[in-house]
Structures are given as C-alpha cells and as structure tokens.
Amino acid sequence: MSIVTPRQPLNAKPAPAAGDDRPVLVRRIGAADAINEITRLLHRAYRPQVEMGLAPLAGRQGDDITADRAAHSECWLATIPREPAAPIPGTTEPVPAAWGPERVVGVILFEEVEQATFPPFFLKPHVAHFAQFGVDPDVQGLGIGRLLLDKVESRARENGAVELACSMAEPDRKLFDFYARRGFRLIEHWQWPYTNYRSCIISKALT
Ligand SMILES: CC(C)(COP(=O)(O)OP(=O)(O)OC[C@H]1O[C@@H](n2cnc3c(N)ncnc32)[C@H](O)[C@@H]1OP(=O)(O)O)[C@@H](O)C(=O)NCCC(=O)NCCS
C-alpha cells in the first residue's frame, strides 16, 4: 500500500456523518482492501442517477466487475479513519495512533482499459482519462472529490498528458456544472454499449 498524498483534514464544512477533522488519505488500492465495500460505496454514490432512470455501470456492477475494473486501471481510494481519535485521558488532545481502521469513502480509476470501444477523444495522444468516480454520500461536499480529481490530474501530468478527460451521463446537468466549475468543457457525445443514456465526453486542458 503506497501513501502518496499526505493526510489532509476534511474541510471545515459540517458533514452529515463525518463532521470532524478526521484526516483523508488518498492512496492506491491494495490487496487488503475489501472489494465489496467499494461496490457498496459506488452503488450508494450513483443512486441519485439510478433514481433518475439512468443505468450507470458503477451504480449496478457486482463485485466481480469492481475487481476487474480495479485490475485494469490505476485505482485510487480516499479513506478516513472509521472512528474519531480517542482523547488522551485528562486532556482534550486526540491521539493520532488511536485512529480506527480505515473506511473507504471515495474511489476513482485512472486510465482504465476497457473492452468497449473508446470515444475518439480518449484515443488521441496526450489525453488521459478517468472513470468510476464516486464519493460516499455521507461525506460528499467536503472536498474529497476534489482530492481524488487532484490525484488523477497530477498522474496525468506525470504521464505527459495535456488533457484530462472523462465520460459523464448527459442527463445529469448538476454533474456537468460540477465539472464545468473545475475547468472541464464538452468535447463530444458518446454511446457506451452498457448504458441507457448518451454520455458527454468532457475534458480539462492541463496548462
Ligand atoms: C461527483 C462526486 C464524486 C463529487 O464528490 P465530492 O466529495 O462531493 O466533491 P467535492 O466535495 O470536492 O465538491 C462537491 C461540490 O458539490 C457541493 N456538494 C456536493 N455534495 C454536497 C452535499 N451533500 N452538501 C453540500 N454540498 C455538496 C460542494 O459544495 C462542491 O461544490 P463546488 O463544485 O462549488 O466546489 C460526488 O458527488 C459523487 O459521488 N457523485 C455521484 C457519482 C457521480 O456522478 N460521479 C461522477 C461520474 S462522471
């Protein structure tokens, strides 16, 4: 397990379930990570799209597909300790060593290799892409998504990419706004064989 991003505190914004300063770690998936925990997280994260009548793969895939997708990509996880640190008796100081075991709260795949045909933009030289991007609804809106995007953006730069692209469900206009605020623009439309909606291929120039 490689630790590549120093632990960073969750934003000061109040969170529904993790409303404290538990540190967030962004790291590569390891052999000890529970695939079913990641599948469950994805199903929860993509539920709003499913409730819109969309059928995103990440919202319905089984553990076998979660494992296969992780094996055919660079899979990054965001984790937080399950329990807040216990205070030192007689003080209010937390004990960092007492953080509980990790809970996976976010996932993103960098440069996933798929069997399905890629949209033309993904095939251009110096275009990196990411997929299966989800954060546990309990801790959305706290900057964990931004940390995961920062990670794939830095990996894209390390690989010499000049664009960072992804595919998103066209009907999810709020999601498009989320990406637009982060510098992404529409490139083209694409129909994946395993979804029931048209996708937008969006990209951000890595200047
Ligand atoms: C897209 C997604 C990964 C972002 O994760 P995140 O951890 O919420 O991202 P951040 O906290 O960095 O930013 C979220 C933005 O939405 C707002 N937001 C999202 N959820 C929120 C919530 N529950 N409460 C308040 N604000 C929220 C944040 O304020 C922030 O606004 P900004 O764009 O002005 O900065 C997450 O919303 C998700 O899992 N969505 C469902 C799956 C999906 O659609 N994935 C993308 C497929 S292409």
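This is a predicted model: local features need pLDDT of at least 70, side-chain atom pairs count only at pLDDT 80 or more; totals for chains, interfaces and linings use all residues.
Which residues of helix α1 are buried? Let me start there, and then walk you through the rest. The buried residues of α1, which covers residues 35–45, are Glu37, Ile38, Thr39, Leu41, Leu42 and Ala45. A reminder that helps here: an α-helix has 3.6 residues a turn, so residues three or four places apart point the same way.

Now the overall layout. The protein has 6 helices and 8 strands, and from the N terminus on they run β-β-α-α-α-β-β-α-β-α-β-α-β-β. There are 207 residues, and buried ones make up 48% of them. If you take the contacts with a separation of 6 or more, 66% of them come from residues 24 or more positions apart. The protein exposes about 10,300 Å², with carbon and sulfur atoms supplying 55% of that area.

On to the inside. The largest nonpolar core has 31 residues, and Phe130, Leu164 and Tyr179 have the most contacts inside it. The elements that give two or more residues to this core include the strands β2 (23–28), β3 (74–81), β4 (102–110), β5 (127–135), β6 (163–169) and β8 (199–205). The helices α5 (144–158) and α6 (173–180) are also among them. Which element gives the most to this core? That would be α5, with 6 residues.

Leaving aside its neighbours within four places in sequence, Phe130 is in contact with residues including Ile108, Leu109, Phe110, Leu149, Val152, Leu164, Cys166 and Tyr179. There is also a second, separate core of 12 residues; Ile38, Tyr46, Ala58 and Ala70 are among them.

At 1.5 Å a residue, the 15 residues of α5 should span 21 Å, and its end C-alpha atoms are 21 Å apart, which agrees. The buried residues of α5 include Ile144, Leu147, Leu148, Leu149, Val152 and Ala156, but Lys151, Glu153 and Arg155 are buried as well. After α5 comes Gly160, with a positive phi near 85°.

Speaking of phi, here is some background. Most residues other than glycine have a negative phi, and most peptide bonds are trans. Glu111 is not a glycine, yet its phi is positive, about 55°. Glu111 lies in the loop between β4 and α4 (120–123), and at 28% relative accessibility it counts as partly exposed. Gln132, also not a glycine, has a positive phi of about 45°. Gln132 lies in strand β5 and is buried, with a relative accessible area of 6%.

Next, the strand β8. Why call β8 largely enclosed by the rest of the structure? Because 6 of its 7 residues are buried. β6 pairs with β8 in the antiparallel sense over 7 bridges, and Cys166 stands opposite Ile202 in β8. Strand β7, residues 185–190, also pairs with β8 in the antiparallel sense, over 5 bridges. In β8, Ile201 has Glu188 opposite.

Gly183 lies in the loop between α6 and β7. Gly183 and Lys204 are 21 residues apart along the chain, but their C-alpha atoms are separated by 5.6 Å. Leaving aside neighbours within four places in sequence, Gly183 is in contact with Ser203 and Lys204. Is Gly183 buried or partly exposed? Partly exposed, with a relative accessible area of 43%.

Last, the cysteines. How many disulfides are there? With a cut-off of 2.5 Å between cysteine sulfur atoms, the count comes to 0. Cys200, for instance, is in no disulfide, as the nearest cysteine sulfur, that of Cys166, is 9.6 Å away. Cys200 is buried, at a relative accessible area of 2%, and Cys75 is buried too, at 3%.

Conventions
Residues are numbered from 1 along each chain as its sequence is written. Side-chain values use heavy atoms; hydrogens and water are left out. Buried means under 20% relative accessible area, exposed over 50%, partly exposed in between (1.4 Å probe, protein chains only). A nonpolar core is a set of buried Ala, Val, Leu, Ile, Met, Phe, Trp, Tyr and Cys residues joined through side-chain atoms within 4.5 Å. Helices (H or I, at least four residues) and strands (E, at least two) are DSSP runs, numbered from the N terminus. Contact means heavy atoms within 4.5 Å. The expected span of a helix is 1.5 Å times one less than its number of residues. Accessible areas come from the Shrake-Rupley method with a 1.4 Å probe; for residues, only the protein chains shown count as cover. Two strands pair if DSSP finds at least two bridges between them.
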